[in-house]
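Subject: Structure handover

Hello,

Here is the structure I said I would pass on. Please look it over before reading the notes.

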Amino acid sequence: MGDRDTAFAAYFAARSEAMRGTAYLLCGDWHRAEDLVQTAFTKLYLVWNRVSRHEVLDAYVRQILVRTFLDERRRGWWRRERVGDEQTDRPTPPESPETRLVLLQALAAVPPRQRAVLVLRYWEDQSVEEAAALLGCSAGTVKSQSARGLDTLRGLLSPTPSGARKGQP
């Protein structure tokens, strides 16, 4: 194995699991998250020799990951492969161990662009400016998408009377 391959393999071994967690939060499916991570690292491998600032590799891979996720959503691939939209979990009290699952399910229902902003801002702890750079948009867009995403999450997580959706009788 050459120096290039050794360096790439070491980086992959060290960071692929963290990127897989981010990918899962974006797409809500472990298998798809694995596919996204593989695609992102494949794209990184193709340009590995041209990456000169290895201290910012995480941000670069995260950017590839988010863009790959958003590109797949635009193409409609996820619509053909989706098994079903039926919600099977019921909301549980905050002290319940299922809270994380409920939150992840609600996050999966947030529109992709808003979800990407929420994951970058609140899971990856990126600043508004860093998230804007990763998404290729303005800081104002990140702020508005963040606010809309949080509103969407709140609407999905707040209990509604007799199973009716918010804004419906």
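Predicted model: local features only at pLDDT ≥ 70, side-chain atom pairs only at ≥ 80, totals over all residues.

Residues are numbered from 1 along each chain as its sequence is written, and side-chain values use heavy atoms, with hydrogens and water left out.

The pocket

The second largest pocket holds about 220 Å³ of space. A pocket here is an open set of points on a 1 Å grid over the protein atoms alone, where a 1.4 Å probe fits and protein lies on both sides within 12 Å along at least five of seven lines. Points are joined across faces, edges and corners, and the volume is the space filled by probe spheres set on them. Lining residues have an atom within 4 Å of a point; among them are Leu25, Arg100, Tyr122, Trp123 and Leu150. At least two lining residues come from each of α5 (99–109), α6 (112–123) and α8 (139–157). Helices are DSSP runs (H or I, at least four residues), numbered from the N terminus. By class, the lining has 10 nonpolar residues, no polar and one charged. Ala, Val, Leu, Ile, Met, Phe, Trp, Tyr, Cys and Pro count as nonpolar, Asp, Glu, Lys and Arg as charged, and the others, Gly among them, as polar.

The helix pairs

Two packed helices are described by the angle between their axes and the distance between the axes. Axes are lines fitted to C-alpha atoms over the stretch in contact, and angles run from 0 to 180 degrees between N-to-C directions.

α5 and α8 pack at about 125°, with axes 9 Å apart. Val102, Leu103, Ala106, Leu107 and Ala109 of α5 meet Leu153, Leu156 and Leu157 of α8, where contact means heavy atoms within 4.5 Å. The residues of this contact are eight nonpolar, no polar and no charged.

α1 and α6 pack at about 140°, with axes 9 Å apart, and are therefore oblique to each other. Thr22, Leu25, Leu26 and Cys27 of α1 touch Arg115, Ala116, Val119 and Trp123 of α6. That contact has six nonpolar, one polar and one charged residues.

Helix α1 (residues 3–27) and helix α2 (residues 30–46) pack at about 145°, with axes 8 Å apart. Their contact includes Phe8, Phe12 and Met19 of α1 and Trp30, Leu36 and Phe41 of α2. By class, the contact has 15 nonpolar, one polar and six charged residues.

Regards

Key. Parallel < 35°, antiparallel > 145°, perpendicular 65-115°, else oblique.
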